[in-house]
Amino acid sequence: MICRITILASILLPTFTFAGHELKGRDIVRGQTLYSEQCASCHGAELQGQPNWQRSNDDGTLPAPPHDETGHTWHHDNQLLFTYTKLGGQGALAERGITNFNSGMPGFEDTISDEEIWDILAYIRSTWPERVQEIQAGRNPPHQ
Ligand code: HEC
């Protein structure tokens, strides 16, 4: 499946490096509550995403993809997921010099803390089958 964010992200040099352990030992219950409050309106109460999420909207933005295993959230490393949530799609890519990407994903920098973002991402990860969790973990840079 072609994923526009993966293509864009693959040409980006990370400004700093995360190891793969940020999602371990997180408060998954708090993450689930925050997900319902902040994310479910677009990404779906069951993490199912918006209908026809692979087709662009008329304005060129993409609908919200599912965060369950049918989507491509698990194709991305922790750093991208974190930055995307914190700064929003446009902010995350603009920070790396890509300014022609029109994103419908808002930034949550002023709404929730960094720790809360990690809790939400850990909750999302906890819904994936173990095999998918392992593949996603393998996308993170090794410990340095
Ligand atoms: C107003 C609707 C909206 C809300 C609310 C929202 N998102 Fe998104 N999100 C989107 C859209 C649309 C995209 C599609 C990517 C793009 O166009 O940049 C997206 C993409 C993403 C991505 C990157 C793509 C991927 O593969 O998963 C992540 C991570 C993400 N959202 C996390 C979250 C989290 C976590 C929350 C809650 C804190 C949240 N979003 C709330 C609309 C939303």
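In this predicted model, the ligand is surrounded by 26 residues, and the closest are Cys 39, Cys 42, Gly 89, Ser 103 and Gly 104. Two elements each give two or more residues to this shell: helix H3 (40–43) and helix H4 (78–94). The largest share, 4 residues, comes from H4.

Now to the loop between H3 and H4, where you will find both Leu 47 and Asn 52. Most residues other than glycine have a negative phi. Leu 47, however, has a positive phi of about 60 degrees, and Asn 52 also has a positive value, near 50 degrees. Are these two residues buried or exposed? Leu 47 is buried, because 21 C-beta neighbours lie inside 10 Å and 20 or more are enough for that label. Asn 52 is exposed, because it has 9 other C-beta atoms within 10 Å and the label applies at 12 or fewer.

A further residue worth a look is Ile 28, which sits in helix H2 (residues 28–38). Ile 28 counts as partly exposed because it has 18 C-beta neighbours inside 10 Å. Beyond its neighbours within four places in sequence, Ile 28 is in contact with Ala 122, Tyr 123 and Ser 126. Ala 122 is 94 residues away from Ile 28 in sequence, yet their C-alpha atoms are 6.1 Å apart in space.

| Residue | C-beta neighbours inside 10 Å | Class |
|---|---|---|
| Ile 28 | 18 | partly exposed |
| Leu 47 | 21 | buried |

Technical notes
Residues numbered from 1 in each chain as written. Predicted model: local features only at pLDDT ≥ 70, side-chain atom pairs only at ≥ 80, totals over all residues. Near = placed C-beta within 6 Å. Contact = placed C-beta atoms within 7 Å.
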